[in-house]
Amino acid sequence: MPYDFIQVADNLYYFTGSNINAMDIISLANEFNRIFWLYWEAAGKQLYTFSWYNSFFWVGVWCLLCFVLELMLPRRLDYKVVKRKGFWLDIFYVIFNDFLIMGLGFFAFMWVFEKAYLAGLSSIGIDSTVIFEVHHWPLWAQILLLFVIVDLMEFLAHYAMHRFNFLWAFHKIHHAQEEIGFASSRHFHWGELFVFKPFIYLPLSLLGYTAKEYTILVLTLVYFAAFFSHTNIRLNFGFFNYLFITPQTHQWHHAKNMPHPHRYGVNFASVLPIWDVLIGTFYLPKNKDEAPELGVDDNEDMPTTFLGQFVYPFVFLFSKGKQKDNVFESSLQPENAATQPVRQATSTNTKTRKKKPTKKRKK
Ligand SMILES: [Zn+2]
Ligand SMILES: [Zn+2]
């Protein structure tokens, strides 16, 4: 996967040069436009050119593997792999978010963000962002370090998306899914990428890495774990649950009824659950067969079409959402009502919950 992106990125550096006034919005927009279409052309070639280094090929292989696993070991027997709620919308999201936004727009966006960031620093007299140089380290050590930093930053960003309403408005689209499968990992609002991904890059810039290198890392390491963690399979991963993200732990991140007292959610990890263990948000019930009902408190009010979900955060933020708190109501229950089952969840359950008065977050 990395090879082609590196090659494309190097070609772009060669083509574009860097003599733009990076604080000028018009020139930044032009630069975005230029990079986007150059990359579009390069990515388009990958679509119809077979190569072992072709990233699209490996995404396809990985999806197929997750798909076969779902057919062989379904966790939720009532979810049909293809006929489950939202399957085709999820597939559309894979195409929209990964091929269009992530593969193309995100690449160009990070390119432009880096230019604006460096120009901004230089305008206040800072000419170098590097405070600790690690390029002389062996490659494996550099990749390991970058991976741990990116994973920690992803974790913090994910936590922030659950913690702050204006971010939750975007992230809620991912959580409003009532049935999930491998493709559900890409069912999220495109705005998420632009809200926090650039900031995850900032610590890497302190180590002397470019936005190009960061983009490649995001498009490789974190990517495959996301597909896998949403796969609808019945497997007990045992101790592995504490080492890497698994479908077994991530399903609890999607629980409609959060285990008390986790008011903002559990299992925020992108890849490494160690961060959850450290701050106390790791959750795995003793009964490994337990499976939560999925969704959000007000699922019945959430849009189910792509267009509806596209505009949802903006409508949410400029209307009723301003007053709403993203805290999971169930987590505020004093008793253990939060972990109520699960497989036999009914719509009556949802209706009852809706009638409850909204509780204020305790300060
Ligand atoms: Zn989340
Ligand atoms: Zn998820």
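Predicted model: local features only at pLDDT ≥ 70, side-chain atom pairs only at ≥ 80, totals over all residues.

Student: How many helices and strands does the protein have?

Tutor: The protein has 13 helices and zero strands. Helices are DSSP runs of H or I with at least four residues, strands are runs of E with at least two, and both are numbered from the N terminus.

Student: What makes His174 buried or exposed?

Tutor: A residue is buried if 20 or more other C-beta atoms lie within 10 Å of its own, exposed if 12 or fewer, and partly exposed in between, with C-beta atoms placed from the backbone. His174 has 22 C-beta neighbours inside 10 Å, so His174 counts as buried. His174 sits in helix 6, residues 165–175. Its C-alpha is 7.8 Å from that of Ser184, ten residues away in sequence.

Student: Which residues does His174 touch beyond four places in sequence?

Tutor: They are His187 and Phe188. Contact means C-beta atoms, placed from the backbone, within 7 Å.

Student: Why is Asn267 called buried?

Tutor: Asn267 has 24 C-beta neighbours inside 10 Å, so Asn267 counts as buried. Its place is the loop between helix 10 (247–253) and helix 11 (274–279). Asn267 also has a positive phi, near 50°, though it is not a glycine. Across the protein, buried residues make up 34% of the 363 residues.

Student: What is the packing of helix 5 and helix 6 called, and why?

Tutor: Their angle is about 100°, and their axes lie 6 Å apart. That makes helix 5 roughly perpendicular to helix 6. Angles under 35 degrees count as roughly parallel, over 145 as roughly antiparallel, 65 to 115 as roughly perpendicular and the rest as oblique. Axes are lines fitted to C-alpha atoms, for helices over the stretch in contact, and angles run from 0 to 180 degrees between N-to-C directions. Ala160, Met161 and His162 of helix 5 meet Leu167, Trp168 and His171 of helix 6.

Student: What makes a nonpolar core, and which residues in the largest one touch the most other members?

Tutor: A nonpolar core is a set of buried Ala, Val, Leu, Ile, Met, Phe, Trp, Tyr and Cys residues joined through C-beta atoms within 7 Å. The largest has 22 residues, and Phe107, Ala108, Met110, Trp111 and Tyr214 touch the most other members. Helix 4 gives the largest share, nine residues. Another core, of eleven residues, lies apart from it and includes Phe170 and Tyr312.

Student: Where does helix 7 bend?

Tutor: Helix 7 bends by about 30° at Lys197, and Pro198 follows within four residues. The bend is the angle between axes fitted to the seven residues ending there and the seven starting there. Lys197 is among the buried residues of helix 7.

Terms used:
Residues numbered from 1 in each chain as written. Chains lettered and ligands numbered in written order. Contact = placed C-beta atoms within 7 Å.
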